[in-house]
Amino acid sequence: MPLLIKDLHVRYGALEAVQGVNITVPDGKVVGILGANGAGKSSVLKAVAGTIRSAAGEIWLDDKRIDGMGPHQSIKLGLATVPEGRRVFAGMTVEENLRLGAYSRNDKPGIEQDLQTMFERFPILKERRKQHAGTLSGGEQGQLAIARALMVRPRFLLLDEPIQGLSPVITDLFFDIILKLRDEGVTIMMVEHNVHFVLNLSSYLYLMEQGKVRIEGEPKELTSSEYVQMMYLGR
Amino acid sequence: MRFFKKDYGPAWALFLSAIALMVYVLVEYNFTVFVRVSMNGIVLGLTYLLVALGLALMWGVMHLLNFAHGQFFMMGAFSVWYFMVRVDVLTKYLPIVPAYLISLVLAMVIVGMMGTLVERYLFRRFGGDLLPALLISLGLGLILAQAMILAFGLLTKSIPTAFAGSQRFFGVSLTNERLALVISALVLLVALWWLVSHTKFGRAMVAIREDQTAAALQGIDIGKFRLIVMFIGSALAAVAGGLYGPVFQVTPEMGTGPMATAFAIIVLGGLGSLPGAGIAAFFLGFVESFGATFLGATIAQFFTFAVIILVLIFKPTGLFGHGGH
Ligand SMILES: Nc1ncnc2c1ncn2[C@@H]1O[C@H](COP(=O)(O)OP(=O)(O)OP(=O)(O)O)[C@@H](O)[C@H]1O
Ligand SMILES: [Mg+2]
C-alpha cells in the first residue's frame, strides 16, 4: 500500500523543522531518506507515525488520511515504527517487549507463532528472553526494536536509523530481513545515515536539508549527482 | 515483579524502626494495648493506602497529581451519606447492608466520573502540565468543599453503620464496621494488584509509565488510559471515604488530613510505585496510631515527617523510587 506525504510542515514553537515536504513510498518498495543531523528526517517520520502533530499538509496511507490520527489508530491500518533511539522498555523482559509489540492484535495463536518466528530470526533474543531489555547491548536492543515492530505484522514499516551502532554481521542480517519484508509486500520508509546501506536497499531516495527535500531520485541518479558525491560519498 | 530490586537500605531501616517501635510498646505496655493500637493502625493505613494508590496511579501514568483528591475522598463519604440518609429510597426498600453497598458503588461511579471530567476538560486542556493541573485541582478542591457546605450545611454528618456488633481478636474488640473497612479495602487492593500485574491493561500501564511515546507506538491509546486511570484513582478515593465515613464523621474538611498523609505516602514510597505506597501507608498508619496513643498527636506528626525527611535525604526518590524519567 502506498504512502503519500503532501506538503508536510512540522513546527516546534517558532522553529519550522519540516517545510513543505513531498514524499511518495510506492506499494511494496523501500524508500530511503538521507540528510544531515537536524535536517528534519525524524520529524517527518514522527508525523507519519503520529507521535507528533503536523502543522500543515496531508499524509495518506492507501486511501485513508492519517495525519491527525494517533499511533493507536494508524497501527490498526498496519503501520509499525522503529523509533529513533529504539526506545525498548528497559524495565521489561525481552519477551514482555515483544508481547507489547502485539498489543494491537487479538489473535492469540498468531501472536505465539510470531513470537517463535522472532526467536528464530534473532537467536540472541531467544537466549535473552527473560532478561530485562535495559541490560541488553546496543546491538541487541536494535534487534529487539525491529522484532517488536514486526510483532505488529505490519503492512507498512517506518525505520529511524535501524542499524545505528550495529556490527557488520548484524547489519547484514538487517539487510536480509528488510529485503525479505519487501519481498513479502511490506512497504518501508527508512531514515538512515549509512549511505551504502540505504543506496543498496532503496528503490528511491530523498535527500533532506534544513527541512526541505533538496534532491530526490533513484539510487543511480543520486550517486551520479555531484552534490551527493561530495557530501555523502566522499569522492 | 521488577519492583523488588535495587538499593532498598532505607526501606529496611524503616521496616526495622517500625518493628523497634512495636517491640518498645510491647515491652513497656501490655499485649492488649499493643493489639488495639495495631488494629487501629491497620484501619488507618488501609484507608490512607486507598487514597494514596489513586495518586500513585495518576502519577505513574499521567505525571500529574489531582490536588482535589482529598475532596474526592470527602465526596465519596458525602455521596454515601446522601444515598443512605438524605434520600431514603435505598434504606426504605432494602436492608441496610445492600443499601450501603449500593451507595458505595454509586459513590465510586459518581466520583470516578468526576475524575474523568477533570482529566478530559481541565487537565487535557492545559496540555497535561503539572503546574496548571496543580492550580486548577487545588481550586476545584476548595469549590467542592464549599459546595458541600452550601448544599448541606456546616453540621457534621454521620452515616448509620451497616455492620453493627463487634468481634474479639486477642482479647481486644474490633467493631464490625472497622472489620468491614479492612476486608473491603483488602478486596480492592487484591483486585487492583491483579489488574496491574495480570492483565493486558496492567502491562500497558507499566509501559506508559516507562515510556509514553514508545507505549503509544505499540498501539496503546494514551488518552483513553488517562481517563480510565483518573476514573479508577478517583473511585478508590471515593470508596475510601465511603468506608471511613461511618467509622468516623462526615465533614467538608474530612479530606484534608488523609490527603496530606496520602501525599506523604507516595513521596515516601517513591512516586508512582504501588508497593512503595503500600509499605509507606502501613508505616504512617502505625506511626499515627502508636504516636497518637503514646506520644500525643503533635509529636506523632513531628515523628512522621522527621522519618520522611530522613528517608528522602538518603534516598531522594523515595523507598521504591525509579529516579528520573
Ligand atoms: N521536540 C522538539 N522540540 C524542539 N525542537 C525540536 C524537537 N525535535 C526536533 N527538533 C528540532 O527540529 C530539527 C529537526 O530535527 P529532527 O529530529 O527531525 O532531525 P533529523 O534529521 O532526524 O536529525 P538526526 O539525523 O540528527 O536524527 C532540529 O533542528 C531539532 O533540533
Ligand atoms: Mg533523527
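Here are my notes on the sheet and the salt bridges.

**Ground rules.** I am working with a predicted model, where local features need pLDDT of at least 70 and side-chain atom pairs count only at pLDDT 80 or more, while totals for chains, interfaces and linings use all residues. Residues are numbered from 1 along each chain as its sequence is written, chains are lettered from A and ligands numbered from 1 in written order, and side-chain values use heavy atoms, with hydrogens and water left out.

**Entry 1, the sheet.** I looked up the strand order and found an open sheet of four strands, β2-β1-β4-β5 of chain A, with antiparallel pairing. Strands here are DSSP runs of E with at least two residues, and helices are runs of H or I with at least four, numbered from the N terminus. Two strands count as paired if DSSP finds at least two bridges between them. At the edges I noted β2 (15-25) and β5 (64-65) of chain A, each pairing on one side only.

**Entry 2, one strand pair.** I checked how β4 (residues 56-61) of chain A meets β5(A): two bridges join these antiparallel strands. Across from Lys64(A) in β5(A) I found Leu61(A).

How many salt bridges does the structure hold over all chains? I noted 20, each a side-chain nitrogen of Lys or Arg within 4 Å of a carboxyl oxygen of Asp or Glu. In one of them, Arg129(A) and Glu95(A) bring N and O to 2.7 Å. This pair links distant parts of the chain, 34 residues apart: Arg129(A) lies in the loop between α5 (123-127) and α6 (138-150), and Glu95(A) in helix α3 (residues 94-101), all of chain A. Is Glu95(A) buried or exposed? Glu95(A) is buried at 9% relative accessibility, whereas Arg129(A) is partly exposed at 23%. My cut-offs are under 20% for buried, over 50% for exposed and partly exposed in between (1.4 Å probe, protein chains only).

Arg214(A) and Glu209(A) form a salt bridge with 3.4 Å between their closest N and O atoms. Shared partners join Glu95(A), Arg99(A), Glu112(A), Arg129(A) and Lys130(A) into one salt-bridge network.
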